[in-house]
Amino acid sequence: MKKMMKHSVTCLCAAFVSLMFLPGCKAPALTADEQVVLPDTYLLEADSGMVRLSWRDFFPDEQLKAYIDTALARNHSFLQAVENVTMARAQVRAGTGALLPEVSLGIGAGVQRFGDYTMDGVGNSTTNTPDLDPEKHIPSPYRDFNIGIGFQWEADIWGKLTHKKRAAVSRWLKSVEAQRLARALLISETAGLYYDLVGLDQQYRTLGDAIKDVQNAYQLTSELMKEGEVSRLSVDQFLSTRMRLEAERLAIGQQIGETERAFALLLGKLPFEVKRADYATLRQAIFPVQRGIPASLLALRPDVRAAELELLAAKSDVQAARKSFFPSLTLGGSAGFNAFDLGHWFSSPASAVYNLAAGLTAPIFRRNEIRTLWENAKSNQRIALLNYHHQALLAYQEVVNLLEATRLTEERRELKRKECLVHRRSVDDANELFRTGFAGYLEVLTANERHVDCELEQIELNIYYCKLNAWLYRSLGGGEF
């Protein structure tokens, strides 16, 4: 008996090992028809090689780097994305466990009394004959002690479970890419709000300087009105201009407060005093963005990689659904000790018990249900393919737009700088001519308004340029983390 049991267990282990490694472990790959073909360059000029920089090397502002560190550690939305990765990793473990036998350990004890006028009671009494060893007599009430280990395993002979595992792995990697995307978005959004605060500070100071200039003109016209050289109209015009600038400055102050509170929320903190760089320093900042080749988007962009991984997962789903039509082989068994006498519970081989079983089942009445699942899986695969191509083209278009915007914004910055110098000269000339009586108050007002508007536009343009570089860094893949 012991020899037969040992031989059966050996055969079962050999079958388990051979069937477990029968399906290939090679991950599915995209076919030539599924792959996306992008142009060789983003724009007409040749593109330089892509260098994946960490955000710590990309952003020159040390204060901004500290805020980004805080946002990555405390932002609630980003932490939710991290938890999604943990959940997806658990699904991978579940898919891996499906390839292994389900093993359980059990221990139990019970007592039961059979009635004297029942089949069990009569059978037990007739079994206890005098020639039977008294230790083997069935007691009344009947006690039952058992302990053993059992297993059940569906052999993956067609690779169905392997494809399900591959789908789970692809979706786990997709969640990792989603986390990378959330990280890149958080970094760029933190930098954007930070740059907005620097720009609003400078606009607030610019309006303050403009108010001082208008106030000086107002005082000058007031004195001239007392001497009868100008009318009340010119004095009121300067006064109304000062009030308008003060109202604009108050609105900028309100925007600063709202932006600071939004920035604190992004960092997962209560409102606090946000320290930021000086505008003159930020205006001279250099961002080491290198665009790379368009094909690098397919490997570096988290959203494109996530779409590709979803396509691979959908392909595995199709294979798993197709192989659900095939018969499944299930192996099972158990071994342990069972006795009604506690003293003989662990007697070997007297109390040893075991069983082995195998079954082959094929779906008959569920074929329509399985076919529906298969058709749905194929539709999902086609949807995933279309989404993959769409995401790749969208990423390419986004980078091209940002590159073009960055180039043109750089030219606009230079033109706006020169324009502001011209307006500054016009203001000085208008004030001098007004003092000497060769120009009226309207020329002074017009020169001041155009100069202030130009200065505010220049600030917005410089801040927009910084934000464009942050967006471009994110669009090129987000760099190394």
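Is Leu105 buried or exposed? Leu105 is exposed, at a relative accessible area of 72%. The model is predicted.

**Surface patch**
- Leu105 sits in strand E1, which runs over residues 102-112.
- Together with Val103 and Ile149, Leu105 makes a nonpolar surface patch of about 320 Å².
- Leu105 counts as exposed because its relative accessible area of 72% is over the 50% cut-off.

**Helix H3**
- Helix H3 spans residues 62-74, a run of 13 residues.
- At 1.5 Å a residue, H3 should span 18 Å. Its end C-alpha atoms lie 19 Å apart, which agrees.
- The buried residues of H3 are Leu64, Lys65, Tyr67, Ile68, Ala71 and Leu72. They cover an arc of only 165° around the axis, so they fall on the same side of H3.
- An α-helix has 3.6 residues a turn, so residues three or four places apart point the same way.
- Glu62 and Ala73 are exposed on the other side of H3.
- Asp61 caps the N-terminal end of H3. A side-chain oxygen of Asp61 lies 2.9 Å from the backbone nitrogen of Gln63.

**Arg180 in helix H6**
- Arg180 belongs to helix H6, residues 160-226.
- Arg180 is buried, because its relative accessible area of 16% is under the 20% cut-off.
- The side chain of Arg180 makes a polar contact of 2.8 Å with the side chain of Glu177.

Note on methods: Residues numbered from 1 in each chain as written. Predicted model: local features only at pLDDT ≥ 70, side-chain atom pairs only at ≥ 80, totals over all residues. Heavy atoms only, no water. Patch = residues over 30% accessible without salt bridge, like charges linked within 9 Å, V, L, I, M, F, W, Y side chains within 5 Å. Areas by Shrake-Rupley, 256 points an atom, 1.4 Å probe, with all protein chains shown as cover. Salt bridge = Lys/Arg side-chain N within 4 Å of Asp/Glu carboxyl O. Helix = DSSP H or I, 4+ residues; strand = E, 2+ residues; numbered from the N terminus. Buried < 20%, exposed > 50% of the residue type's maximum accessible area, 1.4 Å probe, protein only. Expected span 1.5 Å × (residues − 1). Arc of directions from axis to C-beta. Polar contact = N/O pair within 3.5 Å; in protein donor to acceptor, adjacent residues only side chain to side chain.
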